[in-house]
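Student: I am new to this structure and would like a close look at a single part of it. Could you take me through that part slowly, in one connected answer?

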Amino acid sequence: MKMKTLGAVSALALTFGATSAMAECGDVSITEMDWASSAVVTSVANFIMTQGYGCNVTIVPSSTVPALASLAETGEPDLLT
C-alpha cells in the first residue's frame with residue numbers, strides 16, 4: 001500500500017514540475033549553423049523546447065565564429081547548437 005501511495009505522489013510531483021517549467025520558459029533564441037548536421041540538431045532542439053516546455057523559439061541563422069562572438073559579447077543567442 002505504501003508503494004502505491006509513494007508512486008502516486010511521485011507522479012503528481014513530476015506533473016506539477018513539468019507545468020511550472022512550461023510556464024517559466026518564455027522566449028528562447030537558438031542558432032542554426034551553416035552546415036547540415038546543425039540544421040538537424042536545431043530542429044530537434046526547437047521541437048523539444050516548443051512542444052516539451054512551451055517556449056517561443058526564434059531560430060537565428062549563423063556560423064561558428066559570429067555566434068561565439070555574439071554569445072561572448074551580448075549573451076545572445078540563448079542556445080548554440
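Tutor: A strand here is a DSSP run of E with at least two residues, and strands are numbered from the N terminus. In this predicted model, T31 is found in strand β1, which covers residues 27–32. T31 counts as buried because its relative accessible area is 1%, and buried means under 20%. Leaving aside the neighbours within four places in sequence, T31 is in contact with T42, V60, A67, P77, L79, L80 and T81.

One of these contacts, P77, deserves a look of its own. P77 is found in the segment after α3 (64–74), and a cis peptide bond, with omega about 0 degrees, joins E76 and P77. For comparison, most peptide bonds are trans.

Next comes the loop between α1 (2–24) and β1, where C25 lies. The structure holds one disulfide, and this disulfide joins C25 to C55 with an S to S distance of 1.6 Å. Because C55 lies in the loop between α2 (36–53) and β2 (56–61), while C25 lies in the loop between α1 and β1, the pair ties together parts that are 30 residues apart in sequence. The torsion about the S-S bond of C25 and C55 is about 95 degrees, so the disulfide is right-handed. As for the two cysteines themselves, C25 is partly exposed, with a relative accessible area of 22%, whereas C55 is buried, with a relative accessible area of 5%.

Terms used:
Residues numbered from 1 in each chain as written. Predicted model: local features only at pLDDT ≥ 70, side-chain atom pairs only at ≥ 80, totals over all residues. Heavy atoms only, no water. Helix = DSSP H or I, 4+ residues; strand = E, 2+ residues; numbered from the N terminus. Buried < 20%, exposed > 50% of the residue type's maximum accessible area, 1.4 Å probe, protein only. Contact = heavy atoms within 4.5 Å. Disulfide = S-S within 2.5 Å.
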